[in-house]
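Student: I am new to this structure. Please take me closely through one part of it.

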Amino acid sequence: MGGDVADPCVRSVGARGSFDPSSIAPLAEALDRAAAEHSKVVLDASGITFADSSLLNPLIPTHRTVDLRVAAPTRQLCRLLEIT
């Protein structure tokens with residue numbers, strides 16, 4: 001998870017697979033690290049196959065700390081964000 005994009009102030013974090021209470025920790029840690037080191041974080045959500053409200057737990061504080069963008073969200077993730 002992760003990789004730099006062209007702007008050195010931006011950190012890209014890639015997410016793949018399902019995210020629920022038992023699997024969210026690695027993504028949460030990657031977002032925490034990215035937010036601690038960069039002013040803008042881009043979550044590449046194209047590989048998320050399932051996400052419940054557990055995904056919101058790391059997204060909300062990251063959004064409050066830095067400029068967070070979600071790139072290529074899946075339909076299911078869009079629905080989760082719309083409901084929220």
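**The helix pair and its surroundings**

Tutor: Helix 1 (residues 25-37) and helix 2 (residues 56-65) pack at an angle of about 5 degrees, and their axes lie 10 Å apart. Axes are lines fitted to C-alpha atoms, for helices over the stretch in contact, and angles run from 0 to 180 degrees between N-to-C directions. The two helices are therefore roughly parallel to each other (angles under 35 degrees count as such). Helices are DSSP runs of H or I with at least four residues, strands are E runs of at least two, and both are numbered from the N terminus.

This is a predicted model: local features need pLDDT of at least 70, side-chain atom pairs count only at pLDDT 80 or more, and totals for chains, interfaces and linings use all residues. Residues are numbered from 1 along each chain as its sequence is written, and side-chain values use heavy atoms, leaving out hydrogens and water.

Now the contact itself. Ala 28, Leu 31 and Ala 35 in helix 1 meet Pro 58, Leu 59, Thr 62 and Thr 65 in helix 2 (contact means heavy atoms within 4.5 Å).

Ser 54 is buried, at 7% relative accessible area (buried means under 20%, with a 1.4 Å probe and protein chains only). Not counting residues up to four places away in sequence, Ser 54 touches Asp 20, Pro 21 and Ile 24.

Key. Parallel < 35°, antiparallel > 145°, perpendicular 65-115°, else oblique. Buried < 20%, exposed > 50% of the residue type's maximum accessible area, 1.4 Å probe, protein only.
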